[in-house]
Structure formats: C-alpha cells, structure tokens
Amino acid sequence: MTWHVPKEDIRAYVRGELAAPLLWSADTHLAACGRCRQTLADIGDPVALDAGWERLDAELDAPRPGPVEWLLVRLGVADHTARLLTASPALRRSWLGAICALLVMTVVAADAVRAGATPTLFLALAPLLPLAGVAVSYGPGIDPTYEMSVVSPMHGFRLLMIRTVAVLSVCLGLNGLATLALPAYGLHALAWLLPALALTATGLALSSRLGPVLAPSLVGGGWAGLLLVARMNTEPHTTLAPFTAAGQGVSGAVAVLAAVLLYLARDRFDASGLPFSDFTDRNAA
C-alpha cells in the first residue's frame with residue numbers, strides 16, 4: 001500500500017474535525033491498513049477512547065423506547081417515569097386486546113337481549129375492567145419492573161397514582177367506546193361509570209393493608225355477590241339496584257370515601273412498607 005493517511009489528518013480524525021470526503025477516505029483506509037491504525041492508536045487518547053467505547057456499549061444495551069414511551073417523553077414526561085409507566089402489564093397490547101375482545105362480546109350479548117331494561121351483562125362487567133387493570137399494575141410478583149420501581153426516585157404512592165390514571169384513562173375510554181355501540185339503551189348504558197370508580201378506589205384503599213392481589217379480588221367478589229343478591233330480589237327485565245339512581249348515588253359516595261381513605265393511607269404504599277415489598281422477609285431469612 002503506497003498511500004497512508006497523513007498524521008495531520010489522523011490528528012483531525014481523532015479530534016472529530018476531519019471533514020468529508022477526507023473522512024470517508026480515512027475510514028476506508030484505516031479498516032485495511034495496520035500501520036495507520038497503529039499511528040491512530042499512538043496519537044489517540046486512550047482515556048477518551050475507553051470512554052467512547054463505554055458510551056457505545058451503553059447506547060447499544062439501552063432498551064429502545066416503544067411508541068407510547070416515546071410520545072410521553074416528547075410530551076415532557078421524565079424518561080424514568082415514562083418507562084415505569086409504560087411497563088405496566090395493563091398497558092400492553094395483549095392485555096388491551098383481551099379487554100377489547102371481552103367488551104365486543106358483551107356488547108354483542110347486550111344487543112341480542114335488547115328487550116331488557118338495561119344491558120345487565122355489560123354493566124356488570126365494565127366496572128371490573130379498570131379494577132383488574134389497576135390490580136396488575138403494581139406490586140411484587142405482578143409488576144415486571146417492580147425492582148426498578150423500588151430504586152426509582154419516586155414515592156410509591158405517586159407511581160401508583162400515575163399508573164392508575166393511565167390505566168383508568170385507557171379502560172374508561174374503551175368502556176366509553178363500547179357504550180357508544182349500545183345507543184338503544186340511552187343513558188342506562190352509562191350506569192357502569194360510577195361503580196367502576198367506586199370499585200377501583202375501594203380496591204386501591206384496601207390494597208394498602210391487604211396487598212395488590214387480595215384486595216381487588218375481594219372487591220371484585222363483593223361486586224359479583226352484590227349483583228347476585230340484587231338479581232335474586234329484582235323482578236325479571238327490571239333494572240338492578242346498583243344501576244338505579246339510588247344505586248348510582250351510593251356508588252358515588254363509596255368512590256369519594258374510598259378516595260379519602262386512600263389518600264390517608266398513602267404512606268403505606270412506599271416501597272419499604274409491607275405488603276408491597278418482600279425485602280423485610282428476605283432480610284429476616
């Protein structure tokens with residue numbers, strides 16, 4: 001090889017000051033010429049070179065943000081907050097797909113029995129979806145990024161509220177779209193909204209003491225039991241008590257009371273407190 005990159009160009013190459021097309025020629029030549037690569041190693045700063053490799057490794061190993069995370073960051077949400085938020089299982093495509101399929105089936109079933117006063121199956125199911133979505137969004141063994149959440153610079157209650165708002169927005173939005181598919185029932189099709197807020201708030205308030213699995217399970221079971229009792233004491237083709245005006249008022253009151261209790265118990269959601277952390281048990285073992 002008769003031509004080599006001049007040392008002045010190699011120095012400019014090291015400083016990042018070599019402009020095209022000389023830069024392209026230098027890149028091509030250095031890939032094939034051991035002599036010029038040795039010159040580059042002699043001239044270059046090994047500390048800066050090591051730092052450059054570390055930055056490259058970090059960039060290659062960094063997880064690529066998804067479209068939702070990218071959008072949140074573009075809207076001004078901090079990187080770590082956006083990642084913790086979008087890692088929630090309730091915001092993944094598999095979960096959302098299951099919700100959509102379930103809502104479609106209940107809407108079809110409600111249309112098939114339009115002779116009834118209210119779409120009972122839809123109204124019974126819709127409040128459970130936000131409760132379940134929030135339940136799988138926080139806690140050890142459920143949240144795939146729980147360990148990352150523990151060491152994040154964020155209070156556990158704040159993270160819980162961020163994810164709760166996100167899950168509620170998605171679930172209530174999907175429920176709202178399903179409600180639009182039931183125009184024959186009018187305002188009766190909206191009777192799921194206050195029970196949904198009441199169940200979700202109650203589940204969160206009880207989670208501070210019972211944990212993120214037992215609490216929503218008990219709340220969901222209680223809702224199913226309440227509807228069963230109401231059905232047994234209601235004439236066929238008659239609106240169930242939870243979906244009447246009085247029942248809606250009770251749901252609203254329960255939602256407000258549960259929200260107050262949740263706020264009072266906010267410190268129990270810190271990562272260092274049980275039952276949302278198993279660190280104490282590990283240390284004891």
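Because the model is predicted, local features need pLDDT of at least 70 and side-chain atom pairs count only at pLDDT 80 or more, while totals for chains, interfaces and linings use all residues. Residues are numbered from 1 along each chain as its sequence is written, and side-chain values use heavy atoms, with hydrogens and water left out.

**The whole chain**

Let us begin with the overall picture. The protein chain has 15 helices and zero strands; helices (H or I, at least four residues) and strands (E, at least two) are DSSP runs, numbered from the N terminus. Of its 285 residues, 38% are buried. Here, buried means under 20% relative accessible area, exposed means over 50%, and partly exposed lies in between (1.4 Å probe, protein chains only).

The accessible surface of the chain comes to about 16100 Å², and 67% of that belongs to carbon and sulfur atoms. Such areas come from the Shrake-Rupley method with a 1.4 Å probe, and for residues only the protein chains shown count as cover. Looking at contacts (heavy atoms within 4.5 Å), 70% of those between residues at least 6 apart in sequence join residues at least 24 apart.

**An aromatic pair**

How many aromatic pairs does a search of the whole structure find? The search finds one. Trp-223 and Phe-243 form this pair, which is edge-to-face, with 6.0 Å centre to centre and 75° between the planes. The pair links distant parts of the chain: Trp-223 belongs to helix α13 (residues 214-232), and Phe-243 to the loop between α13 and α14 (245-264), 20 residues apart. For the terms, rings of Phe, Tyr and Trp (its six-membered ring) pair if their centres lie within 6.5 Å; planes under 30 degrees apart count as stacked, over 60 as edge-to-face and the rest as tilted. Trp-223 counts as buried because its relative accessibility is 5%. Phe-243 is buried too, at 5% relative accessibility.

**Along helix α14**

Together with Leu-257, Val-260, Leu-261, Tyr-263 and Leu-264, Val-256 forms a nonpolar patch on the surface, with about 620 Å² of accessible area together. Patches are made of residues with over 30% relative accessible area and no salt bridge, where like charges are joined within 9 Å and nonpolar side chains (Val, Leu, Ile, Met, Phe, Trp, Tyr) within 5 Å. A salt bridge is a side-chain nitrogen of Lys or Arg within 4 Å of a carboxyl oxygen of Asp or Glu.

Is Ser-251 buried or exposed? At 8% relative accessibility, Ser-251 is buried. This residue is also part of helix α14, and Ser-251 touches Leu-194, Pro-195 and Ala-198, leaving aside residues up to four places away in sequence. Gly-249 lies in helix α14 and is partly exposed, with a relative accessible area of 43%. Ala-259, in helix α14 as well, is partly exposed at 41% relative accessibility.

The table lists C-alpha distances for some residue pairs.

| Residue pair | Separation along the chain | C-alpha to C-alpha distance |
|---|---|---|
| Leu-22 and Val-5 | 17 residues | 9.3 Å |
| Gly-249 and Leu-194 | 55 residues | 8.4 Å |
| Ala-259 and Ala-201 | 58 residues | 5.7 Å |
| Leu-218 and Gly-203 | 15 residues | 8.1 Å |

Leu-218 is placed in helix α13 and is partly exposed, with a relative accessible area of 48%.

**Two further stops**

Leu-22 lies in helix α2 (residues 22-32) and counts as partly exposed at 47% relative accessibility. Pro-21 is placed in the loop between α1 (7-15) and α2. A cis peptide bond joins Ala-20 and Pro-21, with omega about 5°.

Finally, Thr-164 is found in helix α11 (residues 156-180). With a relative accessible area of 6%, Thr-164 is buried. Not counting residues up to four places away in sequence, Thr-164 touches Val-134 and Leu-204.
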